[in-house]
Amino acid sequence: MGKLCNCSRDLLANQDREIQKLFRSYSPGEKEALIPILQETQGIYGYLPKPILYITSEYLKIPVGKIYGVATFYNQFRLQPVGKYLVQVCAGTACHVRGGDLVLQALESELGIKSGQTTQDGLYTLSTVACLGACSMAPVVTVGGDFHGRLQPKDIVKILREYEIKE
Ligand code: FES
């Protein structure tokens, strides 16, 4: 590992081994490592914790504001922890024309959150995504990776109950 200021070294020393190993695989100041570091960090935590963004800033010599800019520009990155079940609502064309927006509204209403938010109990994170690749089943929603297709808004309560019963 290259030179780091004391505060970053201390912060890094307090992180999981996986994160320490991740930083060891890149050189300090290696700016092109930003996206891979963010991707791998999210792979470890499921989102991008603030302390890691500061360590990344120090390590790669990139202003933290710029790192936030990158993290918010790409849909793949999350700045908040994800709920146990990630609910993805397809916003692709086929789903949109078959009422995907009404399905999203039903989910928002039932969960009491907007897209991009997590329920207070940490059970669900709601998000909208581009085509999920199952257009023939439009409109489509995935819950924890399970596909649910040909949905109508009235189906949402029943689907969510299936996951809540498992808890
Ligand atoms: S547009 Fe929704 S699955 Fe393709």
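**Figure 1. Helix α7 over the sheet of the predicted model.** Helix α7 (100-111) lies across β1, β2 and β3 and runs at about 150° to β1. The axes behind this angle are lines fitted to C-alpha atoms, for helices over the stretch in contact, and angles run from 0 to 180 degrees between N-to-C directions. Helices (H or I, at least four residues) and strands (E, at least two) are DSSP runs, numbered from the N terminus. The model is predicted: local features need pLDDT of at least 70, side-chain atom pairs count only at pLDDT 80 or more, and totals for chains, interfaces and linings use all residues. Residues are numbered from 1 along each chain as its sequence is written.

**Figure 2. The four-stranded sheet.** The sheet is open, with strand order β2-β1-β3-β4 and mixed pairing; two strands pair if DSSP finds at least two bridges between them. Strands β2 and β4 (146-148) each have a single partner strand and stand at the edges, so one side of each is left without a neighbour in the sheet. On average, neighbouring strands are turned by 20° against each other, direction ignored.

**Figure 3. Strand β1 and its two partners.** Six bridges join β1 to β2, and these two strands run parallel. Strand β1 is joined to β3 (residues 141-143) by three bridges, in an antiparallel arrangement. Val 87 has Leu 126 as its bridge partner in β2 and stands opposite Val 143 in β3. Val 89 stands opposite Val 141 in β3.

**Figure 4. Tyr 85 in strand β1.** Tyr 85 is found in β1. The residue is buried, with 21 other C-beta atoms within 10 Å. A residue counts as buried if 20 or more other C-beta atoms lie within 10 Å of its own, as exposed if 12 or fewer do, and as partly exposed in between, with C-beta atoms placed from the backbone. Not counting residues up to four places away in sequence, Tyr 85 touches Leu 123, Tyr 124, Val 143, Gly 144 and Tyr 163. Contact requires C-beta atoms, placed from the backbone, within 7 Å. The C-alpha atom of Tyr 85 is separated by 20 Å from that of Gly 133, 48 residues apart along the chain.

**Figure 5. The nonpolar cores.** The largest nonpolar core has 17 residues, of which Val 87, Val 89, Cys 90, Val 103, Leu 107, Val 140 and Val 141 touch the most other members. Such a core is a set of buried Ala, Val, Leu, Ile, Met, Phe, Trp, Tyr and Cys residues joined through C-beta atoms within 7 Å. Two or more residues of this core come from each of β1 (85-90), α7 (100-111) and β2 (124-129). Val 141 touches Val 87, Gln 88, Val 89, Cys 90, Val 103, His 148 and Leu 151, again leaving out residues up to four places away in sequence. A second, separate core of 14 residues includes Tyr 26, Ala 33, Tyr 59 and Leu 60.

**Figure 6. The two domains of the chain.** The protein chain is divided into domain 1 (6-73) and domain 2 (85-166), with bounds from an automatic or database domain assignment. The domain centres, taken over C-alpha atoms, are 31 Å apart. Eight helices and four strands make up the secondary structure, in the sequence pattern α-α-α-α-α-β-α-α-β-β-β-α. Of the 167 residues in the chain, 23% are buried.

Conventions: Contact = placed C-beta atoms within 7 Å.
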